[in-house]
Amino acid sequence: MGGRRRHTGRGPHRQRSGVTPRRAVVAGGGIIGTWHALELAEAGFRVDHLEAEAGPTGASVRNFGLIWVSGRRAGTELAVARRARRRWQEIGTLAPGIGFRPMSSLTVATDTAGCSVMRTFAEHPDAAARGISFLEPDDVRACNPAVLGDVEGALHCTEDAVVEPRLALAALRAHIAAAHGDRYRFHPGCRVTGAEPHALVDTTGTRWEGDLAVLATGAAYDHLPGTGAMATRLRRVRLQMLQTAPFPATLTTSLADSDSLRYYPAYESAPLDQLGAQTPVAAEHHLQLLLVQRPDGGLTIGDTHAYGEPFDFALCEDPTRELLARAGRILGSELPPVQRRWEGVYAQCVDGDVCLREEIQPGVWMVTGPGGRGMTCSPAIAADTLHAAGVAA
Ligand SMILES: Cc1cc2nc3c(=O)[nH]c(=O)nc-3n(C[C@H](O)[C@H](O)[C@H](O)COP(=O)(O)OP(=O)(O)OC[C@H]3O[C@@H](n4cnc5c(N)ncnc54)[C@H](O)[C@@H]3O)c2cc1C
C-alpha cells in the first residue's frame with residue numbers, strides 16, 4: 001500500500017495550526033505498532049507505518065491470541081487489560097477479520113493440591129474483581145463439554161476473549177485504511193536505523209518526519225543507537241508453541257492448567273507454595289499449559305519460557321510431549337497430530353510495569369516490553385502513549 005515518500009518541512013508548529021493533518025510515523029508492524037497507528041489515525045494524524053520485514057513475523061503473529069484478563073495483576077494492569085478488551089471488542093465488531101470473540105477460560109486442576117489452591121483463591125476479592133469463580137467437576141464439564149478428562153475443579157473467568165493472531169494485524173491495517181483513507185500508509189521492508197528529534201531514519205537514509213514518532217520494534221528494542229540505558233529495564237523471553245490438526249469437538253472455553261497460577265500475577269494472593277514442585281520437565285522449561293481452539297478446530301498449545309540469552313535455536317521435544325500429555329489428560333482423549341511447531345520471543349519489562357514507554361528523543365517514543373500480556377493490552381497501551389505525548393484526540 002502506497003510508495004515510500006520523503007518527508008520534509010513538517011514540524012510542531014504546523015501541527016498546532018490545525019490547517020493540515022498532523023503527521024506521525026510508527027516503526028513496527030506488530031500489534032503494539034499497529035494499535036498505535038490506529039489510535040493516531042483516529043486522532044486525526046497522517047500515519048506512515050514502517051515495518052522492517054516483508055510482513056510482520058514477530059511475537060504478535062506467534063501468540064495464542066488470548067485476550068487474557070484473568071491473569072492480570074490487581075490495580076493498574078487489570079484496569080489496562082479491561083480497557084483494552086473493551087477496545088478489542090469495539091474494533092472487532094467493525095473489523096470481523098480480527099477474529100475477536102468473547103471466550104471465557106477454565107484454569108483446570110488435575111490434582112487435589114491445585115484444586116485446593118484454586119478454591120482458596122476463588123474466595124479472595126481478587127477473584128471476584130476479574131469475574132473468576134471456582135467450578136466443581138460437573139460444572140466444569142457443563143461449561144465446556146469437551147473437557148472429558150479426570151479434573152478436580154477449575155477457575156472460570158468470564159472476562160477473557162480470543163483474537164486470531166495470524167489475521168489480526170492485516171485486518172487492523174485494512175480497517176485503518178478503510179476508515180482513514182490516504183491518511184494511512186503501510187510500508188513493509190522499511191527498516192529504521194536511527195532516531196532524531198521528531199524523525200526516524202531508515203536504511204536508505206530516508207528521514208520520516210513526524211510531529212510524533214513511535215518505535216514499537218518489539219524484541220529489537222536495543223538495535224538503535226541511544227537505546228542502551230533503556231534496554232537495561234527489559235529482557236527477552238523465548239517460548240515454544242505448537243498447533244494440532246482440527247480437534248473433532250468444539251471447545252467453548254480456552255484452557256489453562258494449575259502451573260499457569262505460577263506465572264500470572266493475578267494469583268500472587270493465592271497460597272502457591274501449596275502447589276508443590278513442578279515436574280522436572282516443567283521446571284526446566286518454566287512450562288504451563290495454555291490451549292486455544294482456532295476457528296478451523298486446530299488447537300494452539302503452549303508454552304515454555306526461557307530467560308537466558310543466547311537462546312537455543314532448536315525446538316525441544318520434551319516440553320512438547322509434556323504439553324500434549326497434559327492437554328490430552330484434561331480433554332480425556334487423544335489429540336490430533338501436531339501440524340506446526342514454532343518459537344516466539346517477546347520483550348518484557350523486568351520491573352513488572354505494563355510496558356516501557358519512554359521519549360528517547362524529542363517527539364520520539366519507544367514503546368515495548370509488554371511481555372506475555374502484549375496482545376491483551378496493546379489497544380490501551382497505544383491510547384496511553386497518545387495521552388503521555390499530549391496528542392490524544
Ligand atoms: C509464543 C508467544 C505467545 C504469546 N501469547 C500471548 C497471548 O496469548 N496473549 C497476550 O496478551 N500476549 C501474548 N504474547 C505476548 C505478545 O505476543 C507480545 O507482547 C506482543 O506481540 C508484542 O508486540 P510488539 O508489537 O511489541 O512486538 P512484535 O510483534 O515482535 O512486533 C515488532 C515488529 O517490529 C518490527 N521491527 C523490528 N525492528 C524494526 C526496525 N528497526 N524498523 C522497523 N520495524 C522493525 C519487527 O519486524 C516486528 O514486525 C505472546 C508472545 C509469544 C512470543
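1. **Ground rules.** This is a predicted model, where local features need pLDDT of at least 70, side-chain atom pairs count only at pLDDT 80 or more, and totals for chains, interfaces and linings use all residues. Residues are numbered from 1 along each chain as its sequence is written, and side-chain values use heavy atoms, with hydrogens and water left out.

2. **Salt bridges overall.** Searching the whole structure gives 26 salt bridges. The term stands for a side-chain nitrogen of Lys or Arg within 4 Å of a carboxyl oxygen of Asp or Glu. Side chains of opposite charge can pair when their charged atoms come close.

3. Glutamate 77 and arginine 72 form a salt bridge at 2.9 Å, N to O. Glutamate 77 is buried at 4% relative accessibility, and arginine 72 is buried at 3%. Here buried means under 20% relative accessible area, exposed over 50%, and partly exposed in between (1.4 Å probe, protein chains only). Both residues belong to a network of salt bridges that links Arg72, Arg73, Glu77, Glu268 and Arg373.

4. **A pair within one helix.** Aspartate 138 and arginine 141 meet in a salt bridge at 3.5 Å, N to O. They are separated by about one helical turn, because they sit 3 residues apart in helix α7 (residues 137-143). Helices (H or I, at least four residues) and strands (E, at least two) are DSSP runs, numbered from the N terminus. Aspartate 138 is exposed, at 56% relative accessibility, while arginine 141 is partly exposed at 29%.

5. **A pair between distant parts of the chain.** Arginine 236 and glutamate 309 form a salt bridge at 2.8 Å, N to O. This pair links distant parts of the chain, 73 residues apart: arginine 236 is in strand β14 (residues 234-244), and glutamate 309 is in the loop between β17 (299-302) and α11 (317-331). Arginine 236 is buried at 16% relative accessible area, whereas glutamate 309 is partly exposed at 45%.

6. **Aromatic pairs.** How many aromatic pairs does the structure hold? There are 3. Rings of Phe, Tyr and Trp (its six-membered ring) pair if their centres lie within 6.5 Å; planes under 30 degrees apart count as stacked, over 60 as edge-to-face and the rest as tilted. One of the pairs is tryptophan 35 with tryptophan 88, edge-to-face at 5.3 Å centre to centre and 80° between the planes. Tryptophan 35 lies in helix α2 (residues 31-42) and tryptophan 88 in helix α4 (residues 76-94), so this pair ties together parts 53 residues apart in sequence. Both tryptophans are buried.

7. **A second aromatic pair.** Phenylalanine 121 and tyrosine 267 are also edge-to-face, with 4.9 Å centre to centre and 65° between the planes. Phenylalanine 121 belongs to helix α5 (residues 112-122) and tyrosine 267 to the loop between β15 (254-257) and α10 (280-285), 146 residues apart. Phenylalanine 121 and tyrosine 267 are both buried.

8. An open sheet of 3 strands has the order β3-β8-β4, with antiparallel pairing. The edges are β3 (66-67) and β4 (101-102); each has a single partner strand, so one side of each is left without a neighbour in the sheet. Two strands pair if DSSP finds at least two bridges between them, and β3 is joined to β8 (residues 161-162) by 2 bridges. Leucine 66 stands opposite valine 162 in β8.
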